[in-house]
Amino acid sequence: MERKIRVVMAKLGLDIHWRGVYLVSQFLKDSGMEVIYLGNKFPEQIVEAAVEEDADVIGLSSLGGSHLTLGPKVVRLLKERGLDHIKVFMGGVMAPKDARSLEEEHGIAKVYLPDTPMQVIIDGIRSTVALA
Ligand code: B12
């Protein structure tokens, strides 16, 4: 049987907003991925959980403004531990220029802003994992 894509999902830092991360988690599950939802976590805890869960993907939700500090830290910690094969995706509310900077300068595979169709997110994760 084909191995399911394993996704560890977290709300970044102390972000209180939960609707988006629940919604995306449910859609990824329905599309056949294995989703492990961590709730609110900081980068060290997220990377530790990704190792324990043998994750292919980390999904970070950020509507609280910490995307430019805590997001890149997750990627840095993965690199330090030789875990670059784990791809980091983000979503939430932020300026489009911040989203671009996260993708182009900080190693986030893709940032999805509000109103992105779910199928675009699902296809983006699938194709990135397939290439890894
Ligand atoms: C509802 C809401 C609240 C509720 C939250 C209830 C709850 N528990 O969820 C309450 C009233 C509690 C609240 C509080 C606050 N909020 Co508020 N809130 C909102 C609001 C109106 C809607 C958010 C929402 O539920 N959207 C619906 C969901 C479905 O969309 P979403 O979360 O964006 O998710 C989509 C995408 O972003 C993406 N996505 C999200 N996560 C992920 C993860 C992955 C892996 C992927 C791939 C995709 C993805 O996919 C989803 C589907 O399209 C937004 C305004 C807005 N238009 O976004 C402000 C907003 C997010 N809040 C904001 C702020 C500032 C706050 C407060 C700091 C206010 C305050 N001073 O106290 C606090 C937060 C405190 C904290 N510690 O986090 C700002 C954030 C600004 C920023 N990021 O720079 C916003 C944008 C309002 C504004 N225009 O200023 N908030």
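In this predicted model, an oxygen atom of the ligand lies 3.3 Å from an N or O atom in the side chain of Arg19. A nitrogen atom of the ligand is 2.6 Å from an N or O atom in the Trp18 side chain. A backbone N or O atom of Leu63 sits 3.0 Å from a ligand nitrogen atom. Residues are numbered from 1 along each chain as its sequence is written. Local features need pLDDT of at least 70, side-chain atom pairs count only at pLDDT 80 or more, and totals for chains, interfaces and linings use all residues, while side-chain values use heavy atoms, without hydrogens and water.

The shell around the ligand holds 23 residues, each with a heavy atom within 4 Å of the ligand. Ile16, His17, Trp18, Ser61 and Leu63 come nearest. Helix α1 gives the most to the shell, with four residues. At least two residues each come from α1, β3, β4 (87-92) and α5.

Helix α1 covers residues 19-30. Its 12 residues should span 16 Å at 1.5 Å a residue, the expected span being 1.5 Å times one less than the number of residues. The end C-alpha atoms are 17 Å apart, which agrees. Just after α1, Gly32 takes a positive phi of about 105 degrees.

Technical notes. Polar contact = N/O pair within 3.5 Å; in protein donor to acceptor, adjacent residues only side chain to side chain.
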